[in-house]
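Dear colleague,

I am handing over the structure we spoke about. My notes follow below it.

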Amino acid sequence: MNAPVLDIKNLIVRFATNDGEVAAVSDLSLSIGKGECLGIVGESGSGKSQTFLAVMGLLARNGSVSGEAIYGGVNLLTAGERALNELRGNALTMVFQDPMTSLTPHMKVGRQLTEVLIRHRGVDKTTARNEAVAMLKRVQIPEAERRFDMYPHELSGGLRQRVMVAMALLCGPALIIADEPTTALDVTVQAQILDLIRRAKDELDTAVVLITHDLGVVAGLADRVAVMYGGRLVEIGEVHQIFRAPQHPYTQGLLACTPRLDDPATATLVTIPGQPPNLQNLPSGCSYHPRCPYVMDRCRVERPVLTPGVSGGLKACHLDALVQGAA
Amino acid sequence: MWSYFARRVVIGVPTLWAIITVCFFLMRLTPGGPFDGEAPIPAEILVNLRARYHLDDPLWKQYVDYLISLLHGDFGPSFKYRDFTVTTLIAQGFPVSLQNGFAALVLAIVIGVPLGIVAALAQNTRRDYIVSAAAMTGIVIPNFVMGHVLILVFGVWLKDSFVHLPAGGWDDGAFANRILPVFCLALPYIAYLVRITRGSMIEAMRANYVRTARAKGLPFHTVVLRHALKSALVPVVTFLGPATAFLLTGSMVVETIFQIPGIGRYFVQGALNRDYTLVMGVTILSAALVIAMNLAVDLLYGLLDPKVRYER
Ligand SMILES: Nc1ncnc2c1ncn2[C@@H]1O[C@H](COP(=O)(O)OP(=O)(O)OP(=O)(O)O)[C@@H](O)[C@H]1O
Ligand SMILES: [Mg+2]
């Protein structure tokens, strides 16, 4: 991997709640290379969103964070609001899951774009308008000039998500964090949005973090995949390796849950038995041990650290090698 | 939008008529009459008085006559202030109440809304607790207590200091005479506005689009003022509609405590004296204001939320 754009080291995210502390992300380290697309997968609640909200300094008020997230030699986690604001929306941008609620309802779409350009590039209103309209055209919004003067509620979900993507691309970012950008959209629109992200990556050499439930999306777009479970990274590797030879039983389980149209053997939906871990009281040893089909005595007491797997990548599992196709 | 506006005004007419009707008959059903003073009036004079004010006509005829005179813009003669018509009394009292109410309204908005925002942005910190506790105190202390406390402090205890203020009286609307009553009027509204603004602002700051705005690198004050504030103001406007109507028509309590010749005090005196026409006049004015303010609120929603459309 070439020089990293973003280097996350030992990230910990906790939330103070009335009934105890929630360990949303525990000791997570990973880095994203220039122009690379890193897929982040894991069940709901596994800490995918909070990891990157922490990096962007967007945690909820009850959240606290420690560790490092280095961008351009600066630790974003300690940088302070002012320094962060220079980067957010500029070099580091984010596309959120829900396009219906992620745009300000009482502001015209155009202004929500131009304010980014005016803020970060200091251009005048006319220039900002021209550039914003050009960007709307680039993300294939039909009748861009007319849409520019519309309110969000006058646009469909797909168009709104295109606006969000346009917003993320305006200043030529080094890294786009897309948090389930297509989950709320129907299938054809999903493909179009992913295509926009792919083009940004290819044409602008922008690094992309693609957070998703959908392994199919990852397979199509990501170079590498990171798998999260209970706030921890349990496996990370090249996309082909992860799909062909997962090294962690949880990854294997996730893959088995994905129905494959070309393989009638998986036509029935499989689920991983058991519940996601309780983040207020994580299991001892490996967090996955209560659900793991390969659980050993050691797994209950000793937490596995990330080690190289037999087929490349890193996995946090005590098994030496996972039998493929068994789950 | 204009047709919507016209339609709402037209709908207001039967509402007002219903209020007039209910109020008219309630007044007549209340025991006692306008001429039951402490000193009994000689019987023959009473007969003349009742005849002059048509109180011996059948009730339905009085009601119809009253409606007809209303249609002519005539609120009738006052039963108590016999040399004045109700229209004259309202014309004297209403400007006083209007001025005080408007000043209190401005004061409440200018203090209450920013304090609510400050508390919301500092949620669950000491600053928030102090502001919220002060607001709670403002809500639970009734007007008549607060009024007397203010009089005690600024009118009596501080009598010899430079912040001494008149304990009451109007003095033709001298500035010093207005300070305490306006403040007393505004206090509970400041308190309510703090609470409402705080709640809706906390809610707004949690919205996804506020997170988007922050992710754009906008300075915090831009995020708050440009992106969060507008939707946070919707409940504030909802509250301010009827609140404005109440404030402008004068507070009976405050005007009575501070001896201000506004229509709130006329209303109290009118009710005590069974001054039928005076009470009716003030009630109609208040009701019309409430109706108008609710319409104003609905029109303001359109400014705050582009999804609001005035159709049908
Ligand atoms: N403000 C908060 N207070 C307490 N707990 C929180 C808060 N925000 C998030 N969490 C918890 O942190 C955990 C991780 O959340 P996160 O949003 O990262 O999950 P996710 O992997 O993105 O899931 P999804 O796929 O559903 O988006 C969840 O269990 C969530 O309940
Ligand atoms: Mg998420």
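In this predicted model, the side chain of T212(A) reaches the backbone nitrogen of D214(A) at 2.7 Å. T212(A) sits in the loop between β8 (207-211) and α8 (215-221) of chain A. Its relative accessible area is 5%, so T212(A) is buried. Beyond its neighbours within four places in sequence, T212(A) is in contact with I40(A), V41(A), G42(A), K48(A), E180(A), V217(A) and V218(A).

Next, the salt bridges. The count over all chains is 26. One of them pairs K216(B) with E115(A), with the closest N and O atoms 2.6 Å apart. K216(B) is in the loop between α8 (208-215) and α9 (220-248) of chain B and E115(A) is in helix α3 (residues 109-121) of chain A, so this pair joins two chains. Both K216(B) and E115(A) are buried.

Within chain A, D223(A) and K201(A) form a salt bridge at 3.1 Å, N to O. D223(A) lies in the loop between α8 and β9 (224-229) and K201(A) in helix α7 (residues 187-204), so the pair ties together parts 22 residues apart in sequence. D223(A) is partly exposed at 29% relative accessibility, whereas K201(A) is buried at 11%.

Helices α5 (126-140), α6 (143-157) and α10 (252-257) of chain B each supply at least two of its residues; α6(B) gives the largest share, three residues. V253(B), in helix α10 of chain B, counts as partly exposed at 32% relative accessibility.

Regards

Notes
Residues are numbered from 1 along each chain as its sequence is written. Chains are lettered from A and ligands numbered from 1 in the order in which they are written. This is a predicted model: local features need pLDDT of at least 70, side-chain atom pairs count only at pLDDT 80 or more; totals for chains, interfaces and linings use all residues. Side-chain values use heavy atoms; hydrogens and water are left out. Helices (H or I, at least four residues) and strands (E, at least two) are DSSP runs, numbered from the N terminus. Buried means under 20% relative accessible area, exposed over 50%, partly exposed in between (1.4 Å probe, protein chains only). A polar contact is a pair of N or O atoms within 3.5 Å; within protein, one must be able to donate a hydrogen and the other to accept it, and residues adjacent in sequence count only if both atoms are side-chain atoms. Contact means heavy atoms within 4.5 Å. A salt bridge is a side-chain nitrogen of Lys or Arg within 4 Å of a carboxyl oxygen of Asp or Glu.
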